[in-house]
Amino acid sequence: MATLEDGLEFPPELCWLPQSLVGVAGLDTLNNAVHRIVWEALANSRRQDRSPVHFKLLGPVHEFPPMKPKRNSYEWYIPKGILKRNWMKKHLKEVPAVVAIFYDLDWDDPEWPEKKIECTSRVQSIRAALEGRHTRLGVVLIQHKAPVVAGEDVLAVDRAAALCAAADINPKCLFVLPHVDHLQGYVLRLENALYEMAQGYYQQEIRHIKSHREFLNKTTHQYLFVRHQYKMAFLNELKHDNRNSHVHYSTSYSNLLELRVNDTNSLEVKTVAGYINYKVCRLLFVLNQPRDAISQFRGFIENFRGRAGPPELIFQHHAWLAKQYCLFGELFEEAIRGGLPAVQTMHPGYYYELAARHAADRKAASLLLCQGVDRYPANDPLAGWDSLEFYGQRPWRAGNLSAQPPDPTREMEGFVALQYNERHHINHSAIIISLLGNAITQYKNYRCPRMRRHLAIQMADEYYCSKDYGKALTLLTHMLWDYRAERWDSLISSLLRKALSCAYLTASVREYIDLNLEASAHFPTEQLDRLFDNLLSIVQGCSPEPEEEEKQDVTAAKTLWVSKCANLSTVSHTVDMSSISTCVDCKARLVQESCTTVDIQVLVRCRFVKPVQFTRLSVCVNSPALSSEFAMCDSASDSPKLQFSPGEVKSFLCQITPDPADAGKEIQIGSILLELSSGKGVKIILRFTGNDSSKNSPLELRYFRCGSPADVQFEKFLPEVVLTLAHPVAQMDIKVRHEGPALQGSWHRLSVCLTNPEPGRISQIILHVTIKSSVEDPSVEQKSKILNEYRMVYSLVVVKMLLSLLIQLKR
């Protein structure tokens, strides 16, 4: 049985960057150090500024591909296909344009006659191996002496002419490579000369193919019109003549559109059309004509979108379309990396996305057409598919050009084999996920967040279909964060349903709790009982029931939950309620009734469908000095206070005494912790900020919703989680006594009585005394400042302090 992974893959030789092939003969890189240095200088460090040449090292006895017999006439010749599979690879890797024969020989070598004969023999043997081909031959003499100026060495001139005559080569094809300093410079000059020889070879091949045109006719040789233009275009690519190459590829494409297409040859025509379109678009990007490339691709898709082929193999048509979009996206992306600017409305992400859509269509068609194919045909119709002579042909009727299949039974066996291969050997989800990943990367680069999220959800669906529930859950939870910020309630509900299923199938306890709590505020009423029961099951240390959508892998999931539930009593999970909308809401307010105490009022609303008993309620207050947690309901006697009926709102009050040193500073509620536990399962701690976690509607629309009086009470409660502590009002009294007369220029005694009715001490008292000259004249004549520190004794009784001041009056 032939296992065909995907017959629509582009051949690697089509995607290679064409380079002139130059064969290198006569170098013994294993035993000769000089030869190894020369080869490394040729083959390594192929920078962009060097000639586009690919060097191939030929062994002592190298066999070239056999030469096919020449055809003198096309009168009775009918081609069996459009484009041969081995032709591009042959010219890229096997048949060199030039063979450079290296030989160690100095002009004054004492063994010159013998070595000249040996060098000539090597040239003749390679010429015989290439008989019938137009490959150019060149001889490179590796010399160990420094070169002299051309024409000054008479011996070198004479011996060079003798060697060219003996080897029957053009004097321009004889090169000298001195193995001295600056070897790399000589190698670059040799490389450029060999590249020019290759240019001549490819031009000669183009003229040879063009000479066949007069023997062709449109009746029986339509395939040859396409093939010959393609060959000339490819040879021009090897010459790096991109403009002429584009002209010939375009002509080949136009000739292809004139072919008669039916079900038997539709795959071959589409395959070759895809190859030609790929070449045309690639050249247009290289020639800096991106708009023409996009127009060419759009026209190409319009021409072949409707040519689906046999309806039994419609999935192959979708696979072909997906491949075309994917490859054009890669070309577009490669051009952008080369400096082509792209915009938000036109970038490679669109083409990757369309490729993913057609891959999804392929998957759907495969499920529809291949679902009952479980047996492979006994007489393998796909045998030899990898050794076909032409691209795009069916293995069971290769080379058949008739509009009707020669053997309908064999044709149906071929269809069944392809359907079997599609069902059992193609991983559709992996293909779709790869394409979606490429599209997401592009949409992220070009700042299209909503499209990125849309495709990420599709990727999560594919992970779910491929039973990779862990990755699906990761993607869905990330997308939920984005959709929560934009309040897409309907989308959140849909994502929660799929994410909750993934959390159950992977037995992810923490994620399941988070999603369950959030789903209780978004799911329909008929599903809330199941959600509540599953949540309490986890709290009680039992496994939850499967979700309604889960029809497979439930047995494995139950086994996972049983193993997880054995250790749930040691698990404590804190849920951040500030980022999600759930059925439990909480608000808080800080109120300073006096200078010494602060009241904390907490309102909790519970909208579970059944009564629920919480176990603890506490509030964390952050002050500049430290953070403290205060229990509002903690003991068994408080348990009735924490029992909530459906829709009930309860108020809790707590009073704290702040540090007097924090007067004038801010304190705030860090968090409110509401605990749900039983001692047997997971201890769930709901953490609120106290700043209105109800996010189901904008603030200005909340009072227009229908609700119970308890809901109205909760909505009207205005949270205040930050409070600036007020400075205490001083209770100290001061009385001043003095007796006349006050004489000018003498000291006058004042008696000051300070009374502190507060329980705390007063320190660092500063007393200012200002003297006025008269009541009528308010201007200050003299000021006296007395600074002392008095430490009062802590007492609840009135503490008095008497100060005696002597003030000298100004004359």
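At what angle do helix α12 (residues 348–369) and helix α14 (residues 428–445) pack, and how far apart are their axes? The structure is a predicted model, in which local features need pLDDT of at least 70 and side-chain atom pairs count only at pLDDT 80 or more, while totals for chains, interfaces and linings use all residues. Residues are numbered from 1 along each chain as its sequence is written, and side-chain values use heavy atoms, with hydrogens and water left out.

The two helices, α12 and α14, pack at about 160 degrees with axes 8 Å apart (axes are lines fitted to C-alpha atoms, for helices over the stretch in contact, and angles run from 0 to 180 degrees between N-to-C directions; helices are DSSP runs of H or I, at least four residues, and strands runs of E, at least two, numbered from the N terminus). α12 is therefore roughly antiparallel to α14 (angles over 145 degrees). Residues of α12 including Tyr 352, Ala 356 and Lys 363 meet residues of α14 including Ile 432, Leu 435 and Tyr 443 (contact means heavy atoms within 4.5 Å).

An open sheet of 3 strands has the order β7-β8-β13 with antiparallel pairing (two strands pair if DSSP finds at least two bridges between them). From one strand to the next the twist averages 15 degrees. Between β7 and strand β8 (residues 598–606), antiparallel pairing extends over 8 bridges; Ile 600 in β8 is the bridge partner of Leu 590. Helix α21 (residues 709–716) lies across β7, β8 and β13 and runs at about 140 degrees to β8.

Notes:
Angles under 35 degrees count as roughly parallel, over 145 as roughly antiparallel, 65 to 115 as roughly perpendicular and the rest as oblique.
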